[in-house]
Amino acid sequence: MSAVTETVAEGWGGRYGAYARATSCVQGGDLEFRFLDGPAGAPPERHVRITNAITGLTRDHRLSAARDRWTLTVPRTWPSGLYRAEFGPDGGEVWFAVRAARPAGNHGILVSLPFATWQAYNRVGAPGHGLYGTEQHDRAHRVSFDRPGGGPAPERWEEGLMHWLHRTGQTVDYCSNLDLQLVPGLLDDYRLLVCNGHDEYWTWEMRDAVEGFVGAGGNLAIFSGNTCWWQMRLEDEGRTMVCYRDAALDPVTAVDPRRATTEWSSALVGRPENTLTGLTFRHGAGCWTDFDLMLDDSYRVAFADHWALTGTGLRDGDSFARGALGYETDAADLTWLDGVPRVTGRDGTPTGFTVLATADLGHWRDLGQGGAATMGVFTLGHGTVFNAGTINWGRALDDPVVDRITRNVLERFTAPPDPARWETLGPAPALSCLTGTGGRLYGLDDEGVLHTREPCGQNIPWTALTRGGEAFPALAVTAPREAIGGQTQGLYALGADGSIRYRDAVPGPADWLPAGRAPAGSRTLAACHEGLFVTHPGGLGYLPFQDLPASADAAKGWRTIGPAPGLASLSATVGRLFALTDDGRILSRLPAAGPSPWHDHGPADGCTTLAAHAGTLLGVDPSARSGLRRRLITPPITPPITPTPITPPGPRPRQAPR
């Protein structure tokens, strides 16, 4: 720690408290402090010590010439961070953030500091001055930032993460959470926004800014709990914080109930916080009577093979992060499938939310509020949100697992966007073929057993559907997107003998029925363009559904429309064929009934079977513990592979569905 002494020819007299006229200041900018009058007879000279709360470096200023205000010009060399100005003696302390004039480094991490929460807890229980407690008739409904106080809680929930970021050499910038509303375009130059500690109070405009940021491709990491619980308003150019909590008392309720200062999940507001954060304090827990007791609880792993837990050495069911839970946690409404949690979506949590870990904190009902804690991640627009689900995360970063998860999230969220990156969805049977239809995945194993599951990001179990004589060993399985061209919508499978069979796409018992034959030597099958496509020794074959034989006696009507260069798997989605080559590349082409070039979409990440479904590619890697993979469909990475032209018969006239 070092100190720098600066003499300033301005000051004040008397004993008083102080406050800053803003919760943040940009590097090189001016921040005005104002002082309350105190008893006469104070010494003619005072000192202010400004400390970087992250690095511990201090700057001493000598103040004289009694005045009621003082302006600090923040040096451009001061790092972005949280600062504390101590006015002594008896002048108290004032907290403020220094924003970066330019984003730090190429990582683009911005840490939001919850000044609104700190102000809400300022003067707790003081009639007409504190927003707490909720049931007090004389609590304040609006409080000013133009008053002393409003700094971090005594427990310093935010401190642990800030110190860890500095200690581990992370390049980050800081802001006041009010800046998300008050500084237009603040998020434009960042890849990642981090919420830290106890980020409880948000305005409508703050949510708009953050949701727009994530939807456009930014990322949000929430190492916080009780996040975005209350809607507040800022008035007087951001100097007054309004939160009635009781919508019946808020005069805005009669004008625009969406802006009522109550819970975001209130029916009046209709904007549950978990549509942004993934989690909610409605299902969370609170330990308010004995903080030491909360340190005994731990998370339990739900999805050890997820990228966020890479390198932790954890297995599903392991306990970890002891001491990270509390003093308030957030959670999601869950259902359990063979011991695996899955969000229900009934509470506003997006159904694409992937649960990474859970904790049952029902016993906290003796400590404040019984509930649960959930950790997870989900995609919001073009960005991703991670939520640790607890206020106390930053104080557990000495735990190697907590440390590694935090690093994984920061590294992933600051890396250049890679929509072609594969993600793990969980375990899979040894499937020989795979398809998707009707919001489900269906796959056949080598024994002909049909398996199904939802194509979500959660590591949910597969259900085996085949019983008795329903098994059908198949080389390929496919499903038309819709019943146009004469086919029935359902599952079509290709047997090793060239037979094609049909089965209703239902997650229950059904028979495989004869539906036709493919050319000799066919090894793949896809349904698209009102017909079937196969690959056989002669190339890529096409048959309109209207020509599919009613019996399985002969392969009639198939036309070779182009080459099929070493394809191990074939699939289709929304007007395009996708193929997996024998050497592990993904190709695509238009499903025209004639020549069309193949395009290269990159490696298949070890997958030996492929399916295209709902804008994604899915595959199974039989060598991996969690072998089900998924990635987005993206433009090809190389020029098209032009096949040798083949002149096919012209397309047949389209007929109405039968």
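Residues are numbered from 1 along each chain as its sequence is written, and side-chain values use heavy atoms, with hydrogens and water left out. Because the model is predicted, local features need pLDDT of at least 70 and side-chain atom pairs count only at pLDDT 80 or more, while totals for chains, interfaces and linings use all residues.

## Overall fold

The protein has seven helices and 46 strands. Helices (H or I, at least four residues) and strands (E, at least two) are DSSP runs, numbered from the N terminus. Of its 658 residues, 56% count as buried; buried means under 20% relative accessible area, exposed over 50%, and partly exposed in between, with a 1.4 Å probe and protein chains only. Among contacts with a separation of 6 or more, 64% are between residues 24 or more positions apart, where contact means heavy atoms within 4.5 Å.

## Pockets and cavities

Rolling a probe the size of a water molecule over the atoms shows where empty space is left. On a 1 Å grid over the protein atoms alone, a cavity is a set of points where a 1.4 Å probe fits but cannot get out, whereas a pocket is an open set with protein on both sides within 12 Å along at least five of seven lines; lining residues have an atom within 4 Å of a point. Grid points are joined across faces, edges and corners, and a volume is the space filled by probe spheres set on the points. Residue classes are assigned as follows: Ala, Val, Leu, Ile, Met, Phe, Trp, Tyr, Cys and Pro are nonpolar, Asp, Glu, Lys and Arg are charged, and the others, Gly among them, are polar.

| Space | Volume | Lining by class |
|---|---|---|
| Largest pocket | about 1,000 Å³ | 12 nonpolar, 14 polar, eight charged |
| Second largest pocket | about 480 Å³ | 10 nonpolar, 14 polar, four charged |
| Largest cavity | about 140 Å³ | eight nonpolar, five polar, three charged |
| Second largest cavity | about 40 Å³ | five nonpolar, no polar, three charged |

The lining of the largest pocket has 34 residues, and Thr 379, Gly 383, Thr 384, Glu 423 and Leu 632 lie nearest its centre. Elements that each supply at least two of the lining residues include strand 25 (371-380), strand 26 (383-387) and helix 7 (400-414).

The second largest pocket, of about 480 Å³, is lined by 28 residues, and the closest to its centre are Pro 480, Arg 481, Glu 482, Ala 527 and Val 574. Strand 28 (431-437), strand 36 (524-528), strand 40 (567-573) and strand 44 (609-613) each give at least two residues to this lining.

A search of the whole structure finds two cavities of 30 Å³ or more. Sixteen residues line the largest cavity, with Trp 95, Gln 119, Phe 145, Gly 149 and Gly 150 closest to its centre. Strand 2 (18-20), strand 9 (93-99) and helix 1 (115-120) each supply at least two residues of that lining. Trp 95 also belongs to the lining of the second largest cavity, together with Ala 53, Leu 82, Pro 152, Arg 156, Glu 158, Glu 159 and Met 162.

## Aromatic rings

Rings of Phe, Tyr and Trp (its six-membered ring) pair if their centres lie within 6.5 Å; planes under 30 degrees apart count as stacked, over 60 as edge-to-face and the rest as tilted. By this rule there are 24 aromatic pairs. One of them joins Phe 353 and Phe 378, whose ring centres are 5.8 Å apart and whose planes meet at 40°, so the pair is tilted. Phe 353 lies in the loop between strand 22 (340-343) and strand 23 (354-361) and Phe 378 in strand 25, so the pair ties together parts 25 residues apart in sequence. Phe 353 is buried at a relative accessible area of 1%, and Phe 378 is buried at 2%.

Phe 533 and Tyr 542 also form a tilted pair, with 4.9 Å centre to centre and 40° between the planes; both residues are buried.

A charge sits over a ring if NZ of Lys or CZ of Arg is within 6 Å of the ring centre and within 35 degrees of the ring normal. Arg 207 lies over the face of Trp 264, at 4.7 Å from the ring centre, and the charged end of Arg 245 sits over the ring of Tyr 132, 4.1 Å from its centre.
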